[in-house]
Amino acid sequence: MKLAKQIEKKLNDQVNFEIYSAYYYLGMAAWCEERNLNGAGHFFRLQAKEELEHAMKFFDYILERGGSIALEPISRPAASYKSLRDVVSAALKHEREVTSRIEEMMDSARAKKDYATQNLLDWFVEEQVEEENSMEKILARMDLAGDKGAGLLMIDKELGKRGRETS
Ligand code: FEO
């Protein structure tokens, strides 16, 4: 089944948005590291890498379906935050936006009876549960530990463990 133009456009928009997400998280990594919150910086660097992987999943899929890639400029991300809590809240808000975009795409794919795209999006629906949950958990831990002094350093240390846990 040929990829519908409307779906192709939405998938291309999502390539752009996922790359923008990487850029957005890279801005957060910079904000953290400029303030010596290197654990949080590490966390957001990894988050940025993951977003590029998401972009590539959409990119590869468009090509696999015989569609055309239309790359657009990437917007400048926010760069000023009041605190690490502010950064993580912004990240959660961002992930909720990604989720609603994925859901909208799913609605379109269903309307077009495009089962292959629904299958791709199923992966993202699951991924978004994890993404939102990860930010929500950090905020909850911050509420317990506080986002200043020793509490902040403890959270920063925890964030620095991302991808480094030994099993
Ligand atoms: Fe690609 Fe964080 O959603």
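The model is a predicted one, in which local features need pLDDT of at least 70 and side-chain atom pairs count only at pLDDT 80 or more, while totals for chains, interfaces and linings use all residues. Residues are numbered from 1 along each chain as its sequence is written, and side-chain values use heavy atoms, with hydrogens and water left out.

E34 and R35 form a salt bridge with an N to O distance of 3.6 Å, a salt bridge being a side-chain nitrogen of Lys or Arg within 4 Å of a carboxyl oxygen of Asp or Glu. By this rule the count comes to 11 salt bridges. Side chains of opposite charge can pair when their charged atoms come close.

A second salt bridge joins R162 and E50, at 2.9 Å from N to O. This pair links distant parts of the chain, 112 residues apart: R162 is in the segment after α5 (149–159), and E50 is in helix α2 (residues 38–64). R162 counts as buried, at 16% relative accessibility, whereas E50 is partly exposed at 23%.

E136 belongs to helix α4 (residues 115–145) and R96 to helix α3 (residues 84–111), so the pair ties together parts that are 40 residues apart in sequence. Both residues are partly exposed, E136 with a relative accessible area of 32% and R96 with one of 43%. R96 and E136 also belong to a network of salt bridges that includes E132.

The chain has 5 helices and 0 strands, and its pattern along the sequence is α-α-α-α-α. Helices (H or I, at least four residues) and strands (E, at least two) are DSSP runs, numbered from the N terminus. Helix α1 (residues 5–34) contains 30 residues and reaches 43 Å from its first C-alpha to its last, close to the 44 Å expected at 1.5 Å a residue; the expected span is 1.5 Å times one less than the number of residues. N36 follows α1 and has a positive phi, near 65°.

T117 is found in helix α4 and counts as buried, at 1% relative accessibility. Leaving aside neighbours within four places in sequence, T117 is in contact (heavy atoms within 4.5 Å) with L3, I7, L11, Y61, R65 and A109.

For the chain as a whole, 46% of the 167 residues count as buried. Among contacts between residues at least 6 apart in sequence, 80% join residues at least 24 apart. The C-alpha trace spans about 55 × 30 × 30 Å along its principal axes. The accessible surface comes to about 9,500 Å², of which 53% belongs to carbon and sulfur atoms; areas come from the Shrake-Rupley method with a 1.4 Å probe, and for residues only the protein chains shown count as cover. There are 25 positive and 30 negative side chains, and the centres of the two sets lie 2 Å apart. Lys and Arg count as positive and Asp and Glu as negative, with His and the chain ends not counted; the place of a charge is taken as NZ of Lys, CZ of Arg, CG of Asp or CD of Glu.

How values were computed:
Buried means under 20% relative accessible area, exposed over 50%, partly exposed in between (1.4 Å probe, protein chains only).
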